[in-house]
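Subject: Structure handover

Hello,

I am handing over the structure below. My notes on what was found in it follow.

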Amino acid sequence: MPANRTGSAGTSPTGSSPAAGALAAAAILGFAGGLVVSSFAGFRDFLPELLRGAAVTVQVAAGGSLVAVAMALLATAARLYAPLPLRWLAVAYVELFRGTSALVQLFWLFFVLPMFGISLSPMTAGIAALGLNIGAYGSEVMRGAIEAVPRSQWEAASALSLGRFRTLRRVILPQAFVTMIPPWGNLFIELLKATSLVSLITLSDLAFKAQQLNQTTLRTVEIFGIVLLIYLALSLLVTLAMRALEHRAGRRLLRGKETG
Amino acid sequence: MNESPASSSETPMVRFERVSKRYGALTVLDQLDLDVASGEKVAIIGPSGSGKTTVLRVLMALERIDDGVIHIDGEPLTHMPQGDSLVPADARHLRKMRGHIGMVFQHFNLFPHMSAVQNCMEAPISVLGLGKEEAHARAAELLTMVGLADKLDHHPAQLSGGQQQRVAIARALAMRPRVMLFDEVTSALDPELCGEVLNVIRELGSAHQLTMLMVTHQMGFAREFADRVCFFDAGRIAEQGSPEELFGNPQHERTRQFLRAVMEAI
Ligand SMILES: Nc1ncnc2c1ncn2[C@@H]1O[C@H](COP(=O)(O)OP(=O)(O)OP(=O)(O)O)[C@@H](O)[C@H]1O
Ligand SMILES: [Mg+2]
């Protein structure tokens, strides 16, 4: 059980959140166990097919996350430190992708772009749309985290003759990194849930497989019960990974009264 | 008008020449003249809002000035020569000139994600180009000097306020500045922790040819430590002199008022 590992690491005050995570994990696994027993037939009949769909879901989510982080980094760097035209471009990107729905963005990339001669595979379009969408939110998260580092840190670095870039890299970003982990965890989960949209552009992801199986077998409760559990397990994995990361990064920063 | 007791034929280490600093309509430094000789220790006292912190901040080039020029050892800090005239300094010039000056802040401003020794190594490595070992040796030596030989690898959150402030002093010294600025470095500390920080400053003063400017509310320390005390009021030096003169026989009503108020507060 992966939950136990982070749970037992909770020797410090911040250890309470991994412990809570472990509890939640245990509860959910118990619930899952109950369902396995009560509808063993459902699992036998549908799990293999649904897991194939889940693999596509994971692929879109992982690719989308990478694109999101890259876009957020680029947009943040441009908005904070680039010359004006680039800054405007970055602002336009963030506002455009935050201000319109992921579904519309996906349809643009997949159905509209081909009319301008740019054809993307469903996988590419899915990853790009979700990555661009979440990246816009991610850029806001990064900017907020950077701006939340006190001005006095910039001044201390300045007084030591550190240059702007050096200050950013060695002083500001390591501190901002810690504060942006939890909101990024939320964004990754948002992204994971939004992957179901790609079923609308012909990708056989988890949601697509579920609908397909449901139409042919009509065993709705079992199918969507399993689908629910798979999504839940995936998002729990994301949560646990982010908690572990936060714990490690927070320990290095040693904020608060924590000692030893 | 501004007869510095320490003035000599030598070039002063720090020279403020009719320096003004304004925030909107508020004039915080009002045509300030101030010379500080090499190795001189100057205490700056005065009421809240009189511009004491601002003097140090413009000297550290953390704020731009609106008028006048500041020189460090004869070289303009806020300006740089271009042809026959002086133009406002660019970022590169400022960074170069800041190397001569170290500053210790009221709230320490240590880098929380770095250990004590890393705090002291960062700038020597990235600005002075020191090697890792050399920077570590220098940092360890300075931390030992401030009494923290056994805390090299502690992070700021694991240190007391007094210890953090001593790390901050070591961090500034690691750049081998010629001028050190202290802005109320003990006023965020519990009273019992002030002594250890003041002792370090005392030691620095006696062992090094450092020029020091120190804003303080601790009149006892100013009296004992400083060569000269400047009383600031409304962005000007209202009165200055040796500690004996200024504390023993203040000439201006404003100074007397201030000193009375400070004594009563204790
Ligand atoms: N960034 C700023 N913007 C606007 N006004 C400022 C700024 N910084 C300082 N001031 C004002 O400038 C004046 C002088 O400030 P300064 O910090 O130099 O005073 P001080 O003598 O150090 O006071 P204290 O003893 O309270 O520290 C104050 O009236 C303050 O409100
Ligand atoms: Mg002040």
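What pattern does chain A follow, read along the sequence? Chain A reads α-α-α-α-α-α-α-α-α-α, with 10 helices and zero strands. Helices (H or I, at least four residues) and strands (E, at least two) are DSSP runs, numbered from the N terminus.

Some conventions come before the rest. This is a predicted model, in which local features need pLDDT of at least 70 and side-chain atom pairs count only at pLDDT 80 or more, while totals for chains, interfaces and linings use all residues. Residues are numbered from 1 along each chain as its sequence is written, chains are lettered from A and ligands numbered from 1 in the order in which they are written, and side-chain values use heavy atoms, with hydrogens and water left out.

Chain A

The pLDDT (the predictor's confidence in each residue, from 0 to 100) has a mean of 87 in chain A, and 88% of the residues of chain A reach 70 or more. Over residues 1-15 the pLDDT stays under 50, and the model has 18 contacts for them beyond four places in sequence. Residues 256-260 of chain A are also below 50, with 10 contacts in the model beyond near neighbours in sequence. Contact here means heavy atoms within 4.5 Å.

Chain A has 260 residues, of which 45% count as buried. Buried means under 20% relative accessible area, exposed over 50%, and partly exposed in between (1.4 Å probe, protein chains only). Among contacts in chain A between residues at least 6 apart in sequence, 77% join residues at least 24 apart.

One residue of chain A to look at is A:Lys209, in helix H9 (residues 206-217). A:Lys209 counts as buried because its relative accessibility is 13%. Leaving aside residues up to four places away in sequence, A:Lys209 touches A:Glu49, A:Leu50, A:Arg52, A:Gly53 and A:Ser204.

The interface

How many residues of each chain are in contact? On chain B there are 25, and they meet 24 residues of chain A. The size of an interface is often given as the accessible area lost when the parts come together. Between chain B and chain A the buried area is about 2100 Å², and carbon and sulfur atoms give 60% of it. Buried area is the accessible area (1.4 Å probe) that two parts lose on being put together, summed over both.

Eight residue pairs across the interface are in polar contact, both residues being at pLDDT 80 or more. A polar contact is a pair of N or O atoms within 3.5 Å; within protein, one must be able to donate a hydrogen and the other to accept it, and residues adjacent in sequence count only if both atoms are side-chain atoms. On the side of chain B that touches chain A, at least two residues each come from helix H2 (91-98), strand S8 (101-104), helix H3 (116-126) and helix H5 (161-173) of chain B. H3(B) gives the most to that side, with three residues.

Salt bridges

Side chains of opposite charge can pair when their charged atoms come close. The rule for a salt bridge is a side-chain nitrogen of Lys or Arg within 4 Å of a carboxyl oxygen of Asp or Glu. Over all chains, a search of the whole structure finds 27 salt bridges, and three salt bridges cross the interface of chain B and chain A.

- B:Arg57 and A:Glu155 meet at 2.7 Å, N to O. The pair runs from helix H1 (residues 52-59) of chain B to helix H7 (residues 151-159) of chain A, and both B:Arg57 and A:Glu155 are buried.
- A:Arg166 and B:Glu122 meet at 3.3 Å, N to O. This pair links helix H8 (residues 164-194) of chain A to helix H3 of chain B. A:Arg166 counts as partly exposed because its relative accessibility is 26%, whereas B:Glu122, at 4%, counts as buried.
- B:Glu122 also forms a salt bridge with A:Arg170, with the closest N and O atoms 2.7 Å apart.

Within chain A, A:Glu222 forms a salt bridge with A:Arg219, the closest N and O atoms being 3.0 Å apart. A:Glu222 is partly exposed at 22% relative accessible area, and A:Arg219 is partly exposed at 27%. Salt bridges that share partners also join A:Arg79, A:Glu95, A:Arg98, A:Glu140 and A:Arg143 into one network.

Regards
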